[in-house]
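Subject: Structure handover

Hello,

Here is the structure we talked about. My notes on its charged side chains follow below.

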Amino acid sequence: MIDPAIFEQLQANIDDDSQLREEVRNILQKRERQGKMTQSILSRAHSVPAAELKEALRPAQSSIHEQIQTIQELSAVVSKYPYYKYNHMWTRHTQETIRALTFGVWLGVYDREQGTLLTIKEVGSFMNVPVEVKDRDVFHITTEEYLLALTDLIEELARLAVNSVTLGDNQRPLQISKFVKELHAGFQILNMKNDVLRRKSDGIKYSVKKIEDVVYDLSLRNLIPRNGS
C-alpha cells in the first residue's frame, strides 16, 4: 500500500513553491513600478537642454536607489532557493535595473565623470549583490544580464544622439559615437553562446550606423570639425 504521506509531502513542496513565486512576483511588480518612474526621469535627457539637464535629472539617483533596494529585497528572499530554478522570473528586471544604473552614471547622475561605463564589478558594488557566483546557490548578477543591459544602453544612447541635435547640442553625438564604437569593439571580441545575447549584440551595428549618420550629417553641415568623428 502506498503511503499517503508521500503525496502530502509533495503537496507541501508545491505549496512552498507557489508561495515563493507569489512573493517574488509581488517584489517584481514593485520593481516594475519603480523602473517606470526611473525611466520617466532619465528620459528627460532626450528633451531637456544640456544646460538644464543636471537639475532635471536630480531625482534620478534616489529613484534608481529604490530599484536597487528592491533588488536587494529580492536577493534576500530567493538566495535560500535554487538560483537557476527561478532566475527566469527576475532576469529581465535585473537587466533593466542595470540599464537604468549605467545610463544614469553615463549621464552624470552620480558623482562620477560623465560619459563613463560601469564595469560588472562596479555594478555589483553599486547594487550590493554578488556578481557571477559559481560556487554557491545565491542571487547574483550574471555576465549575460550585464551585457544585455549594455545593448539596451547602446540603443538608448543612439536615440540620445539624434535628440541631442534637435536640442542644439552638436557635441554630444561625438561623445556618444566614440563611447558606443568602443563598446561595439568590445562586443566583437566576445564569442557569444547565448542566442538572445548574440542577436542583441549583432543589432549593435545598427545603433552604430544610426549614430554615424548623425555625426556625418553634422559634419556635412559644418557644425562640427571634420576630424571630430
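Which residues are linked in a network of salt bridges? The members are Arg-31, Glu-32, Arg-92 and Glu-96. Please keep in mind that this is a predicted model. Over the whole structure, the search returns 20 salt bridges.

Arg-112 and Glu-122

These two side chains form a salt bridge, with 3.6 Å between the closest N and O atoms. Glu-122 belongs to helix α6 (residues 120–127), while Arg-112 sits in the loop between α5 (91–107) and α6, so the pair ties together parts 10 residues apart in sequence. The 3.6 Å separation falls inside the salt-bridge cut-off, which is 4 Å. Both partners are partly exposed: Glu-122 has a relative accessibility of 28%, and Arg-112 has 32%.

Lys-178 and Glu-182

Here the closest N and O atoms of the salt bridge are 2.7 Å apart. Both residues are in helix α8 (residues 172–189), and the spacing of 4 residues amounts to about one turn of the helix. Glu-182, with a relative accessible area of 48%, is partly exposed.

Lys-209 and Asp-213

A salt bridge joins these side chains at 3.0 Å, N to O. The two residues lie in helix α10 and are 4 residues apart, so about one helical turn separates them. Lys-209 is partly exposed at a relative accessible area of 45%. Asp-213 is also partly exposed, and its relative accessibility is 39%.

Lys-205

Helix α10, which spans residues 204–220, also contains Lys-205. For a sense of distance across the model, Lys-205 and Gln-67 are 30 Å apart, C-alpha to C-alpha, and 138 residues apart in sequence.

That is what I have on these residues.

Regards

How values were computed: Residues are numbered from 1 along each chain as its sequence is written. This is a predicted model: local features need pLDDT of at least 70, side-chain atom pairs count only at pLDDT 80 or more; totals for chains, interfaces and linings use all residues. Side-chain values use heavy atoms; hydrogens and water are left out. Buried means under 20% relative accessible area, exposed over 50%, partly exposed in between (1.4 Å probe, protein chains only).
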